Amino acid sequence: MGCSGLFILFFVLNVAHCLEIMGLVGEIYENITAVLGEDVYLSCTYVGESEIQEAEWKRQINSKSKRLAGFFDGKPFSRDDISKPDSLTNLTVKMKVSSVEVEGEYICQFDSEEATYYGSVHLTVVARPDIQILVDAETVNGSHYQSVSCSAAGGRPRPQISWLVAGLPPSYDPFAVEVSESVHSNGTYAVRSILRFPTRLQDEDSVTCVVLHQTLPEPKLTSVRVETYARPNVSIKAEMVQRGGMEFWVVSCLSSGGRPDADIALALNSVEELQREHSTNSDAHTSSVLLPATLYEGRNITCAFDHPTFTHQVTRAMTLPSFYFELGINSDELRATEHFEWQEGETDAAIDLRVTGNVPHYNVTCKKEDGPLPDGVELFGSSLTLQGPVELQHAGMYECFFAYHHVKATLTFRVTVKPQRTLPVPPTIRVDFRTEDGHRLIECSAADAVPAANMSWLLPDGVSGVSWFNFTSHNGSHSVRGLLLLPACSPRELTTQCVINHPAFEEPANRSITLPLCARPEIAINSSSEWTDGEEFTKVDCSVESVPPAATIRWHVGNVNSSISYLSATEGRPDGSVLARSSARVLSSLYSGQNVTCTAEHPSLEAPERRTIHILWNKAPLLTVSLVRQRESSLWLAVCDYRGGGGVGPDLAWVLPDNAKGQTSLHSEQEGGTHKARLTYQFPLALHEEQDLTCVYSFEHGVTEKKTIHIPRYYISSIRVLNHTAPLQSRYASETITHRLALEENHHNQRVLLRVEGNVPEYKLICKRSNGAFVQMERDAMVFQSQLTQQDEGLYSCRASFYHHTATVNIQVEVTSEKKQLALAAVVCISSALAITLILIVTLWVCCKGHSRSQYKKKESLSALTSLMQGPGSPEVKKSAVTENRSNDAQMVSYSIVVDIKSTV
C-alpha cells in the first residue's frame, strides 16, 4: 500500500512537471494550411527563464526523427527548403512548400540544462487548381453539337465544378454534363467536366464554368462564347452588267444576318452550263448566276433557302423583263408621218428623237430618201443636227432605224426648206494663233456675212491636222469660225492658209500664218548600280526636256535592237517645258559588255535621236591564300581572301586533312559593286606541318577555283656555343651534356655567344641559372654586364623555342683569375712530379716482391693502391686493374693520371 502511494505521487509530480515544461513554449500555431508552391512560416518561441543550450525543428517520418533547422553548438543550421532561425529562443523559419510530402507534424524542441521543452504544429498542404476551358463542335447525323470542357488540374483537395447558363444551372434537357477525375502521383486532383448540347436548341451566346476550391476566396467563374443560330434575311435581285460587249443579267440570291450561313439553291430551267459565282463576307452570303439578257428575257427565276431555323424551305422568285422601244419626236408621240419646215439660212436646226423603253442601249441610223444624209446633217446621240445654215438640199423624207438585237423600230418624217432671197454681205476675216494643251491652235473667222461664207484650210505637203467649224447667226448675218489643230512642235517652219469663199468675193480670200520651228530637246543619259536579293543590276536613266508635247522614249540593248522593259514618267515645268523620264533596269551579269541605247522621238526632231551607255564587263573574282603567325596566340591562321563582283556571298570552303581540329570563320562585306570575303582556319602548327591546306571557291554553274598553301616542316636541331668550351660527356654515351666555360673575374660585358641550328624563321631564346633566375640577353648572346664574381659561377641553361620545336644547351660557367691559374699550374706540376715518383717506387716494389708474396698479399697491395689512386684515375684504368688482379700471369699494373687544365676565354 505504501509503494502504491509513492508511485501515484511520483506520477502526479511528473505530469505536473511536463505540463509546466509544455507551458514554457510560447507562440505556436497548432494547425497551419499552406499552398503548394508558396512559402509558409513555422513559428515557435520559448518564453521561459531557463538558458537554452540547443533548439531545433524536427519531423517524425516513419518512426525516424529528421532534424530540419535550429541551433547546434551555438550555430544555426538548416536543410532542404527551410531558412535558418533567428535565435535560440525564436525558431521562426520560412519553408518552401515544394511538394505534398511536406504535409505532417513538425516538432520544435528547446533544450536547457534543467529540462527539454516541446511544441508541435500540424501542416496541411493544399494546391490551387489550374483552370482551363475549351469549346469543341461536331456534327452527328446532320445535327450540330457543341461541347464545352472545363478542367481544374493540380488541385488539392478535390475541386468542384458546376455550370451556369444564363445565370442558372443548366437543365437536363437539352444539356448533358459528364464529369471525370484523376489523382496525380503528387497527391493532387484533376477534375474535368464537359457540358454538351445541340446548337439549335440553345439561345445563349455564352456559358460559365464555376470552380469551388479551398484555395479560392470565392468561386472562380470562367465564361466562354459558344455558337448560336440566327434566322437569316433572304432576298433575290437582278442587275444588268456588260461583259465583252454583251449584256447579262446577274441574278443574285442573298442571305444576310444568318448564323450559320443558309444553303442557297437557284432553280433555273436550263440545260446550258452557266457561270455561277458564290461570295461570302462577314454578314452576307450570295449565290449568283450570269444569264445572257436577250436569251432570258421574260423568264422566271427562283431562289430556294434552307436554314436550321426554317421549318420548311423558303423561296424567292422574280421574272426577268422583256425589252421594247417607244419612239417619238420633240416629246410628241409619233403615230403618222411628221412634217418639219426650215427657213433657208437658218442655223442651229435640229430634230430631237425621243426614245423610251427598257433596252439598255440601242443603235440608230438615219437616211434621206434611200440615200445617205446630206452634207452638214449629222446624228449626235438622239438628235439629228444641221451643221451650218439650212440649204435647199436639206429638204426631203428622212427615216431613222432603232435596233437592240432582235428588238427593232422605225421613225419616218419629212423636212421642207423655205427659200430666202438677200443681198450678199462680205465677211470680216481674222486669223489668230495660240498654243493650248501641247498643240498649236489656229483660228480663222469670217463674221457677219450674208449668206454664210464657206471656209477651208490649205496645209503644206506632209502635214495633217484636225479641223472643225462653228456657224452662228445674229440679226440675219452669219459667222463662220474655223479651228485647225496642229502639233505644237515641228522641225521646220509651217505656213498654213485659211481659204474663204463667198458670193461677194470674185475669187477666194486667203489668209496665211507661219508657225516657227521648235527648240530642240535636251537629252541626257546616266547609269548607276544597285543590288537586289544578292544580284547586281544596272539602272539606266534617260531624260528628255522639251517643249510640249512630251518626248517618247524607247530602249534597245546590243546590236540586235532587242527591247527591254522600262518605266516612264512625265513632269511639267514652271517655264512651260515638259520633262520626259524613263528608267530601264537590267541584270548586270546578263548584259555586261553590251550597249544600252535610249531613243528619243519628238516632233521637233526630223529623225529620232539616240544616246548610248556601255555596261562594263564584270571583273573576274580574285582568290588568294596566305599563312599568318598570330603574335598573341599559339595558333596559326590560314587566310583565304576573295574579291570579286556579284551580290551573292562567295561559296568558300577549306579542304583540310583528316586530322583537322581547328576552327573556321567567314566574314564578308559589300563595298560598292565589289564583294569581299575572308575565310580563316585557326590551327596549331604541330597539327598540319608538312601538309597542304586548300581553299575552294565554287562558282554558280559548278565550276570551282582552288588555291593551296603548303605548311613547311620546321625544326631546331641544336644550340651551339661559339665560345671555346670544354665538353662534359655522359658516362654512358658519347654525347655532350654540358659545356664548361671559363670567364675572367672582375671583367665587364663578357658574352657567351650562341647560335641556333635549324630552319625556323624566328625563335625565342632565353637563358636562366639553375636557381631559376633569368640572365640578360642581347640577341643570341648571354651578357654579363657587371664585374664577374664567384657568385656568378654555376650551371646555366639556355632554351630556344619556336612553337612546339625546342632545343636546350647547358653551360657550366666558372670564374677564374690569373692568380688562380698560376696556383693551379703549380699544383698540377707538383702533383705530376709526385705521381711520377710514386709510380717508379711502386713499379720497383712490385718487381722485387712479385714472386715472394702470396696472391692474397698481391690483392691487398693492389687494393690499397687502387683506393689511393681512385680519385684521379679514369674508368678504363679501374677496369684494367680489376682484370689484372684476377689474372695469375700479370707482370705489372698500369696506371694513368688525368690532368684537367681549365680553359679560359
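**Cysteine pairs**

Author: Let us start with C767 and C798, both of which are buried (under 20% relative accessible area; exposed is over 50%, partly exposed in between, with a 1.4 Å probe and protein chains only). This is a predicted model, where local features need pLDDT of at least 70, side-chain atom pairs count only at pLDDT 80 or more, and totals for chains, interfaces and linings use all residues. Residues are numbered from 1 along each chain as its sequence is written, and side-chain values use heavy atoms, leaving out hydrogens and water.

Reader: How many disulfides are there?

Author: A disulfide is a covalent bond between the sulfur atoms of two cysteines. Here a pair of cysteine sulfur atoms counts if they lie within 2.5 Å. By this rule, the count is eight disulfides.

Reader: Which hand does the disulfide of C542 and C598 have?

Author: The sulfur atoms of C542 and C598 are 1.9 Å apart. The torsion about their S-S bond is about -60°, so this disulfide is left-handed.

Reader: Is C400 buried or exposed?

Author: C400 forms a disulfide with C366, with 2.0 Å between the sulfur atoms. Because its relative accessible area is 0%, C400 is buried.

Reader: Which cysteine has the sulfur nearest to that of C848, and how far away is it?

Author: C848 is exposed because its relative accessibility is 62%. C848 belongs to no disulfide. The nearest cysteine sulfur is that of C847, at 6.7 Å.
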